[in-house]
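This note sets out a colleague's remarks on the structure shown below. Please read it alongside the sequence and the model.

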Amino acid sequence: MAAITAHADLTTLLASCSMEITARDCEARAVALDRMPKGSEIFVADLPDQPPELILEAVVALRRGGLEPVPHLVARNFRSRADFDGFLASLAGDAQVTRAFVTGGDREEPRGPFNSAIDLLETGLLAPHGLRHLAFACYPGGHPRISLEVLDAALRSKLSIASERGFETSLVSQFAFDAPPVLAMLRQFRTSGIEASLRLGTAGPNARDVLVNQSRELGIGDSLSRIARGDGSDRVTPEPYLLPLAQALAQEPALGISGAHLFAFGQTTASMNWVAAQREAARA
């Protein structure tokens, strides 16, 4: 009975599931179009030195396929205010983008005048181009180059500015493998007045060495030791991470977890099969 309840909790968490792909990954896009329920949010990452035309092609295809494209707006990737304005105008065209993930980016030196997500918010260009909902990152395992105090202050500033300008907001956590830091972060958010809902970032099923390398590259903090230590298997699936979070949400709805956010890292089909398997297990 406990296992059935746990799977039901996990299925509830997965009922609303978004996914992140790169604009270059046409295979991942095709899988998302084929397997994701209509209206699902597909985040499209803007990698350094990626032509904006690739992002526009991806978001238009997703929109035409009945999905909800959520492009990344990466402050440090824009050369000028005019480039940013033009990019937003293109997103508002055939793709009719109304949601975006706004972030500073990991580029060492900005390409233009923008250094942070706050810089993009303060241009005043987002709402005139039809954006209504903004998502921001949060880091339960910390950030390799930014202190927790600076991260917290920046997040509060972003949420405050966005709210003042009439945007709906949400949070997406960096992918992790250890539930307690996520729960601690969420409880701290809720007791300190941050009310934005959270999508739980999680890596879909993948080879352990791939996830270890991704974790090192992105600097996900203490969670890395958990995935590197492992259980002796060569493959990692999200259940050990998501199950305790799903159960916590069932007991504490005020945590405000709105669903899962999958980072497939080249294994989009495996991620979709895993989601389908969890839903099937709950029905069995």
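The points below take the chain as a whole and then turn to individual residues.

1. Basis of the note. The model is a predicted one: local features require pLDDT of at least 70, side-chain atom pairs count only at pLDDT 80 or more, and totals for chains, interfaces and linings use all residues. Residues are numbered from 1 along each chain as its sequence is written, and side-chain values use heavy atoms, with hydrogens and water left out.

2. Overall fold. The protein chain contains 11 helices and 10 strands; helices (H or I, at least four residues) and strands (E, at least two) are DSSP runs numbered from the N terminus. With a radius of gyration of 18 Å, close to the 19 Å that the globule rule gives for 284 residues, the protein chain is as compact as a globular protein of that length. That radius is taken over C-alpha atoms, and the rule is 2.2 Å times the number of residues to the power 0.38. Along the principal axes, the C-alpha atoms fill a box of roughly 55 × 40 × 35 Å.

3. Of the 284 residues in the protein chain, 49% are buried (buried means under 20% relative accessible area, exposed over 50%, partly exposed in between, with a 1.4 Å probe and protein chains only). Among contacts (heavy atoms within 4.5 Å) between residues at least 6 apart in sequence, 81% join residues at least 24 apart. The protein chain exposes about 12800 Å², of which carbon and sulfur atoms supply 52%; areas come from the Shrake-Rupley method with a 1.4 Å probe, and for residues only the protein chains shown count as cover.

4. Charge. There are 27 positive and 33 negative side chains in the protein chain, and the centres of the two sets lie 2 Å apart. Lys and Arg count as positive and Asp and Glu as negative, while His and the chain ends are not counted; each charge is placed at NZ of Lys, CZ of Arg, CG of Asp or CD of Glu.

5. Arg29. This residue belongs to helix H2 (residues 26-35). Is Arg29 buried or exposed? Its relative accessibility is 9%, so Arg29 counts as buried. Leaving aside residues up to four places away in sequence, Arg29 touches Ile21, Ala23, Glu57, Ala58, Ala61 and Leu62.

6. Asn77. The loop between strand E3 (68-74) and helix H4 (81-91) holds Asn77, which is buried at a relative accessible area of 8%. A polar atom of the Asn77 side chain lies 3.3 Å from the backbone oxygen of Asp46. Beyond four places in sequence, Asn77 touches Asp46, Leu47, Pro48, Arg107 and Arg111.

7. Gln96 and Val97. Gln96 lies in the loop between H4 and E4, and Val97 is likewise placed between H4 and strand E4 (99-103). Gln96 counts as exposed at 51% relative accessibility, whereas Val97 is buried at 3%. The residues touched by Val97, not counting those up to four places away in sequence, include Arg63, Pro69, Pro71 and His129.

8. Positive phi. Most residues other than glycine have a negative phi. Gln96 has a positive phi, near 50 degrees. Phi of Phe265 is also positive, near 50 degrees; Phe265 sits in the loop between strand E10 (257-263) and helix H11 (268-283) and is partly exposed, at 23% relative accessible area.

Key: A polar contact is a pair of N or O atoms within 3.5 Å; within protein, one must be able to donate a hydrogen and the other to accept it, and residues adjacent in sequence count only if both atoms are side-chain atoms.
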